[in-house]
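Take a walk through this fold, one element at a time. Keep the sequence beside the model as you read.

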Amino acid sequence: MQITRRHMLLGLTGVAGLAGAGYLLVPSRSGVGESARLDPVEAHRQALSGDILIVDIRRPDEWQRTGLGQGAVPIDMRRKDFVDALLTEQMKRGGLPVALICARGVRSRRVAFALAQANAGPIIDVPEGMLGSRAGPGWLKRKLPLVAWSG
């Protein structure tokens with residue numbers, strides 16, 4: 001079954017077919033079936049060192065407004081082939097853990113949770129997002145490097 005934006009927003013696991021594909025779940029401190037978490041500084045550091053792949057799941061208009069975090073790959077979570085595109089990028093990099101980032105951590109948390117529930121991992125959430133949230137100031141306020149998105 002294909003995961004849709006609706007599945008992700010509801011936290012459902014519409015990617016049951018991935019469970020047997022050999023992906024491992026990275027449990028968080030809060031329990032099995034949830035994603036691990038990183039702040040933007042650590043996510044950026046690990047992306048630059050080749051330890052994770054950061055995927056920016058926001059919309060193109062959001063990438064245009066703020067730019068992308070250096071080292072992030074833009075994949076709009078609304079794409080019908082979102083999971084396939086994410087897995088393709090992950091496999092291009094030897095199966096690295098994937099860290100998801102959005103604007104304020106809401107979408108990344110839901111998508112990370114849905115993917116983790118389906119054992120499509122390792123999946124990591126960047127809960128501060130680009131703009132900041134209760135989790136912290138975010139990528140922009142931390143003044144981490146940006147790359148312009150050209151479409």
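What covers the buried residues of helix 2? Strand 2 and helix 6 (138-141) are included in that cover. Here buried means under 20% relative accessible area, exposed means over 50%, and partly exposed lies in between, with a 1.4 Å probe and protein chains only. Helices (H or I, at least four residues) and strands (E, at least two) are DSSP runs, numbered from the N terminus.

Some ground rules come before the tour. This is a predicted model, in which local features need pLDDT of at least 70, side-chain atom pairs count only at pLDDT 80 or more, and totals for chains, interfaces and linings use all residues. Residues are numbered from 1 along each chain as its sequence is written, and side-chain values use heavy atoms, with hydrogens and water left out.

Confidence comes next. The pLDDT is the predictor's confidence in each residue, from 0 to 100. Its mean over the protein chain is 81, and 77% of the residues reach 70 or more. The lowest confidence is in helix 1 (residues 5-10), at a mean of 41, and the highest is in helix 6, at 98. Over residues 1-33 the pLDDT is below 50. Beyond near neighbours in sequence, that stretch has 69 contacts in the model; a contact means heavy atoms within 4.5 Å.

Now the overall plan. The protein chain holds six helices and seven strands. From the N terminus on, they run α-β-α-β-α-β-β-α-β-α-β-α-β. Of the 151 residues, 49% count as buried. Among contacts between residues at least 6 apart in sequence, 63% join residues at least 24 apart.

Five strands form an open sheet in the order 1-6-5-2-4, with parallel pairing. Strand 1 (36-37) and strand 4 (72-74) stand at the edges with a single partner strand each, so one side of each has no neighbour in the sheet. Two strands count as paired if DSSP finds at least two bridges between them. Strands of a sheet pair through backbone hydrogen bonds, either parallel or antiparallel.

Follow the pairings. Strand 1 and strand 6 (residues 123-125) are parallel, over two bridges. A36 has I124 of strand 6 as its bridge partner.

Strand 2 is covered on both faces. L53 and V55 are buried on one side, I54 and D56 on the other. In a regular strand the side chains alternate between the two faces of the sheet.

Turn to helix 2 (residues 40-48). P40, A43, H44, Q46 and A47 are buried in this helix. These residues lie on the same side of helix 2 because they cover an arc of only 170° around the axis, the arc being that of the directions from the helix axis to the C-beta atoms. D39 caps the N-terminal end: one of its side-chain oxygens lies 2.9 Å from the backbone nitrogen of V41. After helix 2 comes G50, whose phi is positive, near 80°.

What of the interior? A nonpolar core is a set of buried Ala, Val, Leu, Ile, Met, Phe, Trp, Tyr and Cys residues joined through side-chain atoms within 4.5 Å. The largest has 19 residues, and I57, F82, L86, L100 and L115 have the most contacts inside it. Strand 2 (53-56), helix 4 (82-92), strand 5 (98-101) and helix 5 (106-117) each give two or more residues to this core. Helix 4 gives the most, with five. Apart from this core lies another, of 14 residues, among them A43, I101, I124 and V126. In soluble globular proteins, nonpolar side chains tend to be buried together.

Two helix residues end the tour. Q90 is in helix 4 and counts as buried, at 2% relative accessibility. The Q90 side chain reaches the backbone oxygen of L96 at 2.9 Å, a polar contact (a pair of N or O atoms within 3.5 Å; within protein, one must be able to donate a hydrogen and the other to accept it, and residues adjacent in sequence count only if both atoms are side-chain atoms). A116 is found in helix 5 and is buried, with a relative accessible area of 3%. The C-alpha atoms of A116 and A36 are separated by 9.3 Å, though these residues are 80 apart along the chain.
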